[in-house]
Every structure is written in structure tokens, then in C-alpha cells.
Amino acid sequence: MTHVRIPSDLIRQAWSDVLHGDLVSPRGHETLEVVNWSCTVRDPSVVPFTIPGRAGLNPFIGAVEALQLIGQTHAPELIRQKCESLYRFTDRGIFDGGYGIRAFGQLGRVADLLAADPDSRQAVATIHDGNVDLLRVTKDVPCTLSLQFMVRNEKLCLRVTMRSNDVWLGLPYDIVQFTLLQHAMATALGREVGWYHHAVGSLHMYERDRLKVEMALTDISLDDNSVIDGWHGDGWATVSRTARRILSDENTSWYTDMTSLEKHLSRLIWD
């Protein structure tokens, strides 16, 4: 298991590791793959909305996925208007694997459980559902299996387990949404943020993206992301409601004490 300092370091580590992966061809697509990959981020307080070397990164995607998950909601119409490339993964106008809907109710119970028993090992929200996802054909099968929250050394930690993760197309957005979720849960519990752990069954990269990854690793620019300052409100219901409001209202005047993170997310969604 690898340890890195900040989330963008995890992404660069994944890029580097997958270049030495084995060649497999799921669904006929040549892919480099590393199995049973994991990495721990010591300080997930710097959310990588941008990453040096990652050409074509669309910060809207990470922001909207995070807000849907934290808000436990679904915003396909907004995505259709703002990002057609993401909307094409819908079936019948909805995302069958949408994390926000699948997490509905679970995250509030996680917060209640950790508030009552901070040392609990049971604070797990599940995303993938074998009773559903193994029985249908869809464009949007969830890549994430589970989200385990733990309070250790008085800090809120998060362990994400994924069945599959594309280092170029998906990982940069996944790290944004999961670290933002971690900060949201920490706010709800009145805790500081602890470590973030990312575990993947199949970490991979399509062969067609190999040159892009190799070029990205040559970029030595410094990260320019600021340390985020958390969410507005107290308790999970308030934090989740704030995320839903950002998704539904481009007028940010509704919170005079909106945090800089919330203002930044609103700009990413509506500008």
C-alpha cells in the first residue's frame, strides 16, 4: 500500500503505476490494468479541481457528482444542459448508477451512528447492488462498491472501495467527489478531516490514453488548489440540504455566510 501527501499525488501515483500494468481486453478494448491497487492520502484537505498535465479536465463534472452525492439527489437535466459528454451515460434520461440516489438515507444514518459511537466499524454506505446491477444491461453500472467512514484519532476518515477505476477518465473526478463528501461528513460531525484511503479491484487505463498519461506525468507545474474551508451548517441534514440548494439555485445570495468552498462549487456549476 502506498501513502501520499495530497489527493493530486494519489492521481499521479495511479498514472505512474498503471503504465506498468498488464494488458487485458474487457469488451474488446485494449487496457493496461493493475489489480488490487490501494493508496492512502495523509492530507485530503486540498481538493484537486485541477491537476497539472490533465488536459481536458472539466471541473463541472467533479463538482456536480460531489453535490449529487452529498445532496443524495439526481440532476440529469442540469447535466444535460452543461455536459453532454457525461449525459450520454444516461438510460431513459436518468443515471441508473447515480450515487446520490443510491446513498439516499444511508449517509444520514452513517452520521447518526458515528455521532453515537465514534469508534464504530459499521458506518458503511453501499453503492453497488448486486441484486440490481448484475441483472440488467445499462450504460451506468456503479464503479464504487462502498464508502466506509471511521473516526480515528478524533478525525473523520474515509475508505472508498471500487471494483473498477479508469485513471484518466474517471479517477480525477472520483477523488474530487469523495474528498468533498469526506469534508461534508466531517462538518456534519464537527470533526477535522483525517486520512483518505482509495482501494480498487481493477485500476486501469485504455491503451488509447497511454500517451496522454505519459505526457501528463512530464508536467512539473505546481498544484494551485487551495485548502478548502468546509461546509455551511451543522449536522448532516443541513449539509446535505446546502448541496441540493447549490444544484438547484444559481443565485448565491441565499447564504450570506456561504463558505468559499460552496461559492466555488456554485461557480463551477453555474458559470
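Cys143 is partly exposed, at 27% relative accessible area; that label covers everything between buried (under 20%) and exposed (over 50%), using a 1.4 Å probe and protein chains only. Its sulfur sits 16 Å from the closest cysteine sulfur, the one in Cys83, which is too far for a bond. Cys39, on the other hand, is buried, with a relative accessible area of 0%.

A quick word on the model: it is a predicted one, where local features need pLDDT of at least 70 and side-chain atom pairs count only at pLDDT 80 or more, while totals for chains, interfaces and linings use all residues. Residues are numbered from 1 along each chain as its sequence is written, and side-chain values use heavy atoms, with hydrogens and water left out.

Back to the cysteines. Searching the whole structure for disulfides turns up zero, where a disulfide means a pair of cysteine sulfur atoms within 2.5 Å. Cys39 is in no disulfide, and its nearest cysteine sulfur, in Cys157, is 15 Å away.

Now the rings. The whole structure has two aromatic pairs. To pair, rings of Phe, Tyr or Trp (its six-membered ring) need centres within 6.5 Å; planes under 30 degrees apart are stacked, over 60 edge-to-face, and the rest tilted.

| Pair | Type | Centre to centre | Angle between planes |
|---|---|---|---|
| Trp15 and Trp168 | tilted | 5.6 Å | 40° |
| Tyr99 and Phe178 | stacked | 6.3 Å | 10° |

Trp15 is in helix H1 (residues 7-18) and Trp168 is in the loop between strand S6 (155-166) and H8, so this pair ties together parts 153 residues apart in sequence. Helices (H or I, at least four residues) and strands (E, at least two) are DSSP runs numbered from the N terminus. Trp15 and Trp168 are both buried. Tyr99 belongs to helix H5 (residues 99-102) and Phe178 to helix H8, so here the parts tied together are 79 residues apart in sequence. Tyr99 and Phe178 are buried too.

At 7% relative accessibility, His183 counts as buried. What is His183 in contact with, leaving aside neighbours within four places in sequence? The partners are Pro44, Ser45, Val193, Ile228 and Trp231, with contact meaning heavy atoms within 4.5 Å.
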